[in-house]
Amino acid sequence: MRMSTSMSARTAAAVGLSVAALGLGTAAPATAAPAHTAATAATAGYVAKSAESDASRAFFEAVVKSVAEKRAANPRAAAVTVVYDASGAPTFSAQISRSTQIWNSSVSNVQLQQGSNADFTYREGNDPRGSYASTDGHGNGYIFLDYAQNQEYDSTRVTAHETGHVLGLPDHYEGPCSELMSGGGPGPSCTNPNPDANERSRVEQLWANGFAAAMDKALHKAAR
């Protein structure tokens, strides 16, 4: 959720096509990836601009694949549950818990749950790029929460925004504060942590239809 007062997004040169990073909109200068992300964030600074972007699909599909392959062993489970591990971001435990509550009360086709064998993780630290969601395209997804950005912007909004990428939503910095995925576009005064009706509807559609396709692939793979 690269929060940006200029509402502009920088696209750094991609070193590898399998890596995607989605931010809250902080327009930071391009810098070398810090040690904790150097191996997985080859496209440092990349921000998705539309629902059809490769980066947006890559993160969502990595999470869906992880969920689908686990559910292939138990296809009769009634609910689609995405499991996360928040142990890597203890400073933001309250915000992660609140973000989970917000999303679980906003949509019904997918639910977030903390537990082991996680589909994605939360991490915390310092990064000039701000907070972001990232994946290496192989199911190793994580949300990084930047200390400085979470002091400048409403921390629950930052966390809920980044979690929106897990559920398949792209950034839309041009949107109003009422849009969760507008991220930092509306500025630090925006504290809305809730997805709007269109964002809720989009997540419901993705997990009703997109997940069904992912399950078909996972079950086909398991049958081989």
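Reader: Starting with contacts: in this chain, what share of those with a separation of 6 or more comes from residues 24 or more positions apart?

Author: A contact means heavy atoms within 4.5 Å. Here, residues 24 or more positions apart make up 68% of the contacts with a separation of 6 or more. Before going on: this is a predicted model, where local features need pLDDT of at least 70 and side-chain atom pairs count only at pLDDT 80 or more, while totals for chains, interfaces and linings use all residues. Residues are numbered from 1 along each chain as its sequence is written, and side-chain values use heavy atoms, with hydrogens and water left out.

Reader: Which residues have the most contacts inside the largest nonpolar core?

Author: The general idea is that nonpolar side chains tend to be buried together in soluble globular proteins. A nonpolar core is a set of buried Ala, Val, Leu, Ile, Met, Phe, Trp, Tyr and Cys residues joined through side-chain atoms within 4.5 Å. The largest one here has 31 residues, and Val82, Trp103, Phe120, Tyr122 and Trp207 have the most contacts inside it. At least two residues each come from α1 (54-71), β2 (81-88), α2 (93-106), β4 (120-125), β6 (141-146), α4 (155-166) and α5 (197-223). The largest share, 4 residues, is supplied by α1.

Reader: What does Trp207 touch, if I skip residues up to four places away in sequence?

Author: Click on Trp207 and look for Phe60, Val64, Val80, Val82, Asn109, Val110, Val166 and Leu167 around that side chain. Also in α5, Arg202 has 32% relative accessibility, so Arg202 counts as partly exposed.

Reader: Now two helices together. At what angle do α2 and α4 pack?

Author: Axes are lines fitted to C-alpha atoms, for helices over the stretch in contact, and angles run from 0 to 180 degrees between N-to-C directions. For α2 and α4 the angle is about 55°, with the axes 9 Å apart. That makes α2 oblique to α4: under 35 degrees is roughly parallel, over 145 roughly antiparallel, 65 to 115 roughly perpendicular, and the rest oblique.

Reader: Which residues meet there?

Author: On the α2 side there are Gln95, Ile96, Arg98, Ser99, Ile102 and Trp103, and they meet Ser155, Thr156, Thr159, Ala160, Thr163 and Gly164 of α4.

Reader: Is Thr163 buried or exposed?

Author: Thr163 is buried, at a relative accessible area of 0%. Apart from neighbours within four places in sequence, Thr163 contacts Ser99, Trp103, Leu112, Tyr122 and Ile143. Leu112 is 51 residues away in sequence, yet the C-alpha atoms of this pair are 9.6 Å apart in space.

Reader: What about Gln114: buried or exposed?

Author: Gln114, in strand β3, has a relative accessible area of 51%, so Gln114 is exposed. Leaving out neighbours within four places, Gln114 is in contact with Val83, Tyr84 and Ala86. From Gln114 to Ala86, 28 residues apart along the chain, the C-alpha atoms are separated by 7.3 Å.

Reader: Last one: where does Asn117 lie?

Author: Find the loop between β3 (111-114) and β4, and Asn117 is there. Its relative accessible area is 57%, which means Asn117 is exposed. Check the backbone too: phi of Asn117 is near 55°, a positive value in a residue other than glycine.

Terms used:
Buried means under 20% relative accessible area, exposed over 50%, partly exposed in between (1.4 Å probe, protein chains only).
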